[in-house]
Amino acid sequence: MIEVSLVKCESYDEKEVRTALEAVLEPVGGLEWVRSGMTVVIKANLVAGMSPDKAVTTHPVLLCELTKMLKAKGATVVIGDSPGGIYSHAYVNRVYAAAGLKAAEECGAELNQDFLQRDMENPDGKVLKNLTYTAYLDRADAIIDFCKLKSHGMMGMSAAAKNMFGAIPGTIKPEYHFKYPKYEDFADMIVDIDELFKPRLSIVDAITGMEGNGPTAGEPRYMGFLGASCSPHKLDRVCAEILGLTSDSIPTLTAAINRGLTSEKVEDIAVNADIKDFLVPDFKHNATRSGLQFSGRGNNPVMKVASKLMGKILRSVPKVHKIECVACGVCAGICPAKAITIENKKVSIDREKCICCFCCQEFCPKGAMVVHRPIGAKIAGKL
Ligand code: SF4
Ligand code: SF4
């Protein structure tokens with residue numbers, strides 16, 4: 001049985017996309033499970049209100065074609081997400097407009113207009129025992145997790161597992177960063193969300209992905225494929241391989257491997273094609289990995305202290321590019337640790353308070369906040 005499907009798709013041309021979508025879904029069971037009268041929620045990546053050519057959000061042509069396929073089966077289709085920032089009608093509708101979702105609406109999708117939040121207990125969660133989530137997800141008979149393949153400041157890679165963090169309202173997301181400051185715990189929290197909402201299908205838009213200062217301010221990178229799986233973690237493992245990233249550089253993948261949700265060995269995953277044909281050479285990843293390898297884990301007390309110290313010295317940190325910064329204050333407003341202050345148009349980061357969540361980097365509208373990897377970490381990375 002095929003677990004992850006990969007299909008080439010060279011452009012966002014409507015016809016090509018439709019053919020590729022049908023082809024990529026077929027090996028993982030297609031849309032056979034969709035019944036007339038069902039409500040299918042497509043959880044897209046709509047992290048910020050940016051046009052499709054910036055490669056930040058799931059491309060509208062893909063959402064359109066998937067909507068048509070689901071409608072043909074008699075399903076009601078709802079597209080939604082909770083971008084970073086205020087979870088309100090006005091703000092999210094601006095994001096829809098910028099991301100080109102009007103087109104998906106014309107194809108028959110409903111763009112979610114329910115901005116209520118709901119609380120839920122989650123006793124089976126490893127770290128996430130209760131949560132506040134976007135109430136519209138309760139409408140779903142099934143969720144399709146339609147992500148974009150991107151580099152990510154905190155989690156190394158943004159793909160299927162990370163996309164489900166959008167189940168948490170944007171206004172609440174910083175609280176979760178503060179509650180789970182350690183990368184390992186944050187990743188476990190995301191895997192708890194994946195396990196709780198259990199997308200029926202995960203699809204990755206990797207026709208044009210993003211590299212460098214992702215997930216919102218990097219450069220679009222042509223990759224030329226679509227991927228699909230019933231497991232977000234298996235899809236992520238294959239995507240990591242394609243980008244040349246190791247599992248231990250992606251905390252959500254490490255968390256999923258630790259729970260037996262995917263194999264670390266990509267050879268153990270049944271893929272319909274040869275992964276080598278999809279490789280993205282010299283992918284520019286975001287530089288957070290070094291700190292992860294020195295995060296104070298292990299049982300030897302001396303090694304624990306040394307490891308923590310090394311973690312502080314070698315960890316990647318947010319840094320402002322003064323020329324590009326316009327002192328708009330978005331970073332200070334979103335920082336869950338209240339580590340950023342702006343005085344006389346100068347941004348300062350309190351390193352003692354900073355928990356390295358990279359929300360500031362993710363939401364800086366000018367791409368002025370970057371992930372800085374200390375020189376020691378660059379040298380250590382080459383050892
Ligand atoms: S969000 Fe970006 S541009 Fe705005 S103050 Fe922060 S670093 Fe500067
Ligand atoms: S300064 Fe940036 S990286 Fe540090 S805690 Fe604040 S938002 Fe997160």
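**Figure 1. Ala332 in helix H12 of the predicted model.** In this predicted model, Ala332 belongs to helix H12, which runs over residues 330-334. Leaving aside residues up to four places away in sequence, the contacts of Ala332 are with Ile340, Thr341 and Ile342. Val34, which stands 298 residues from Ala332 along the chain, has its C-alpha atom 44 Å from that of Ala332.

**Figure 2. Helix H1 and its buried side.** Helix H1 has twelve residues, 14-25, and reaches 17 Å from its first C-alpha to its last, a span close to the 16 Å expected at 1.5 Å a residue. Within H1, the residues Val17, Ala20, Leu21, Val24 and Leu25 are buried. The elements covering the buried residues of H1 include strand S1 (4-8), helix H2 (60-72) and strand S10 (219-229).

**Figure 3. Helix H3 and the glycine that follows.** In helix H3, formed by residues 89-98, Val92, Val95 and Tyr96 are buried. Because they cover an arc of only 100° around the axis, these residues are on the same side of H3. Strand S4 (110-111) is included in what covers them. Just after H3, Gly100 takes a positive phi of about 80°.

Figure 4. Most residues other than glycine have a negative phi, and most peptide bonds are trans. In the loop between strand S2 (39-44) and H2, Ala55 has a phi near 60°, a positive value in a residue other than glycine. Ala55 is buried, because 26 other C-beta atoms lie within 10 Å. Asp282, in the loop between helix H9 (251-258) and helix H10 (289-292), likewise has a positive phi, near 55°, but counts as exposed, because it has 7 C-beta neighbours inside 10 Å. In the loop between strand S9 (201-211) and S10 lies Pro215, which is joined to Gly214 by a cis peptide bond with an omega of about 10°.

**Figure 5. The whole chain, as context for the close-up views.** The secondary structure of the protein comes to 14 helices and 14 strands. With a radius of gyration of 20 Å, close to the 21 Å that the globule rule gives for 383 residues, the protein is as compact as a globular protein of that length. Its C-alpha trace spans about 60 × 45 × 40 Å along the principal axes, and 49% of the 383 residues count as buried. Among contacts with a separation of 6 or more, 74% are accounted for by residues 24 or more positions apart.

How values were computed: Residues are numbered from 1 along each chain as its sequence is written. Chains are lettered from A and ligands numbered from 1 in the order in which they are written. This is a predicted model: local features need pLDDT of at least 70, side-chain atom pairs count only at pLDDT 80 or more; totals for chains, interfaces and linings use all residues. Helices (H or I, at least four residues) and strands (E, at least two) are DSSP runs, numbered from the N terminus. The expected span of a helix is 1.5 Å times one less than its number of residues. A residue is buried if 20 or more other C-beta atoms lie within 10 Å of its own, exposed if 12 or fewer, and partly exposed in between; C-beta atoms are placed from the backbone. Two residues are in contact if their C-beta atoms, placed from the backbone, lie within 7 Å. The radius of gyration is taken over C-alpha atoms; the globule rule is 2.2 Å times the number of residues to the power 0.38. The arc is that of the directions from the helix axis to the C-beta atoms.
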